Amino acid sequence: MYWSKSFIHTLKEASEEAESTSHRLMLRAGMIKMLISGVYSYLPLGLKVLDNINKIIRQEMNALGSQELLMPSIQPIELWQMTKRDELLGEVMIRFQDRRGRKLCLGPTHEEVVTDLASRYIQSYRDLPFVLYQIQTKFRDELRPRFGLVRACEFIMKDAYSFDKDTEGLDEIYDKMYKAYENIFKRCGLDFVSIKADPGVIGGDVSHEFLVPAENGEDVVYKCNICGNYLSGNDAEIDVCPHCKKDLTKINALEVGHIFKLGTKYSDVFGLRYLDESGKERPVIMGCYGIGISRLIPAIIEQNNDADGIIWPKEVAPYDILVLPVNVTDKDIFSAAKKVYEILEKKKMKVILDDRDERAGIKFKDADLLGIPLRITIGEKFLKEKKVEIKSRKSKEVKLFNLDKIEEAVKGL
RNA sequence: CGGGGAGUAGCGCAGUUUGGUUCAGCGCGUUUGGUUUGGGACCAAAAGGUCGUGGGUUCGAGUCCCACCUCCCCGACCA
C-alpha cells in the first residue's frame, strides 16, 4: 500500500476529553471514528488489526476442532423469556418491533439462540460432542460507554459454545479452551492473568476470566506479593492473601475473556437432550467461551506504547514494515524505496510505503505513532554508502544493510 | 440514573466573569506560489464559521435567562 493512496489520517493531537492512553492513540493513529457515544467505525487501519486478531482466534479455535458459524443479530424476545434473562438484562437489551408488532432485540449474546439451534439437530450420543463458535457484533445499551472500544454499545465478540454428553467431556473441552485462550492472548502480545470468577448473568458452576493488567482497567484484581497468586476483586475488599497471609497489591485490569461451565442451565430450558448408549434420555452438558475482540485492541495498546505512539506486537500489527524514503523528490532515494517495497511485497510481507512528499520529521513522527514493527529508512546513507536503515519500533535498535541484502535482513528481525 | 465538566473553522483551543471596533480569533491542517528537505521548517497570499438547537431578555447576545440535544469524566453494571 502506498500511503498517499490510503485512507490513513493521523492527528497531531486528540481531544482532551479522551483520557485513556489507548483511546487517544487510536484516535490519533486514525484507527477508529466515533459515530455516537459507544458506537465506532473501524477505519482501514483499525480493521486490519481486527482482522489479524480474528485470524489468530480462528486458528486457535479451529485447532481444537470447533466450527465457525454465524448466528443472527436480530432475535425474538420469546427466546429470552424462556430463560428469564429478558428481565435480567433489562434495558441493556436493545429492543424494537417489526412491522407486524413482533417483539425483537439485537443480540447481546447468543446462549439462547445457539441452544435452541442445537436442540433442533441433536438426538443421539453419536451427535456429540461438538463446539460451535462465531465472531460477531453484539449490542448492549451500556449505562456508560467509555474509553473508546473498551466499553462500547456495539462491539465484536468471539463466542464459542461446547456441547457434551457428560461433565467429563465438558471438563476436557474446557481445559482445551483454557489453553487456546492462553495461546490467543500470548500471540496478541498481551501480558495477562486468569482467575476463577463469578459466573454472573451467564450462569453455570465454574468460570474463569482472563484479565489484562492496564491502568484504565475497569476490573480490580489482587496480587499476592509473596506467592504471586491473583485473586478476584469482585469479592469484598480483601487485605491479605488467604495462603500467605501477606499483603496484596491492587491492580486495575481489563477483562478480555471469560469461559464458563454452563452445565444444563440452557439445555434444560430448551429441551436439548440426547439418547445415550442405553437409550436413556439425558440433557446435553454445555460450556460457553467469550473473547471481547474489539476490546482486545485497546488492551494491546495499553500494554504496548510509549510517548511516541503505539508499538504493535508482531502478529497484530496492521503492517509488518513501513518503508520510509526521506525525500521522495530525490529520484535515487525514491526508486530505491520502491524497489525495497516491491521486494518485500513479493515475499508476501505486509508493507506500506510512505510516498508522501512530506518532510522527514513528519514521516518519522507518523511512523512512530502508527507503531509498525519495522521501519526501513532510505535517505542520505543510501546516497553515500548504498545502505538502507532498518529500525525496530520496539527496541529502537538500528541496523544498516545493503539494498540487495534486504530480504535476509528483514527475515532475521 | 446520581454527581462533575464540555460543545466556537477539518483537528486542538482562547474569548463568555464585566453584552457594544481586540468579536469572529489563535495554533495546526488545507489550497496557491517560492525557499527548504534525517525528527512535526520558513516566507507570501487564500479558502474555510448559521459560536450545539430552539425560544426569551435587550437598541444590541458567542457572552445574560429558560428549555432541549450531544459528548466526556467519576459511581452502580458488564466482554
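Q: Which helix gives the largest share of the surface near RNA strand B, and how many residues does it supply?

A: "Near" is a matter of distance: a residue is near a strand if its C-beta atom, placed from the backbone, lies within 6 Å of it. Helices (H or I, at least four residues) and strands (E, at least two) are DSSP runs, numbered from the N terminus. Here H10 gives the largest share of the surface near RNA strand B, with 8 residues. This is a predicted model, where local features need pLDDT of at least 70, side-chain atom pairs count only at pLDDT 80 or more, and totals for chains, interfaces and linings use all residues. Residues are numbered from 1 along each chain as its sequence is written, while chains are lettered from A and ligands numbered from 1 in the order in which they are written.

Q: Which other elements supply at least two residues of that surface, and which residues come nearest?

A: Besides helix H10 (360–370), the elements that each supply at least two residues are strands S8 (154–164), S13 (248–263) and S16 (285–292), and helices H8 (293–303) and H11 (380–385). There are 52 residues around RNA strand B, and Glu16, Ser37, Gly292, Gly361 and Gly379 come nearest.

Q: How do the residues of this surface divide by type?

A: The sorting rule is that Ala, Val, Leu, Ile, Met, Phe, Trp, Tyr, Cys and Pro count as nonpolar, Asp, Glu, Lys and Arg as charged, and the others, Gly among them, as polar. By that rule, the surface near RNA strand B has 22 charged, 16 nonpolar and 14 polar residues.

Q: Which residues have the most contacts inside the largest nonpolar core?

A: In soluble globular proteins, nonpolar side chains tend to be buried together. A residue is buried if 20 or more other C-beta atoms lie within 10 Å of its own, exposed if 12 or fewer, and partly exposed in between, with C-beta atoms placed from the backbone. A nonpolar core is a set of buried Ala, Val, Leu, Ile, Met, Phe, Trp, Tyr and Cys residues joined through C-beta atoms within 7 Å. The largest one has 99 residues, and those with the most contacts inside it are Val212, Ile321, Val323, Val340, Ile372, Ile376 and Ile378. Helix H6 (residues 167–187) gives the most to this core, 8 residues. Domain 1 (3–306) and domain 2 (319–411) both contribute, so the core lies between them.

Q: How many residues of each domain are in contact?

A: Domain bounds come from an automatic or database domain assignment, and two residues are in contact if their C-beta atoms, placed from the backbone, lie within 7 Å. Here 5 residues of domain 1 are in contact with 8 residues of domain 2. That side of domain 1 divides into 2 nonpolar, 2 polar and 1 charged. The domain centres, taken over C-alpha atoms, are 38 Å apart.

Q: Is helix H5 mostly covered or mostly exposed?

A: Count its buried residues. In H5 (residues 111–119), 7 of the 9 residues are buried, which leaves the helix mostly covered. They are Glu111, Glu112, Val113, Val114, Thr115, Asp116 and Ala118. Their packing partners include strand S7 (130–139), S8 and S16.
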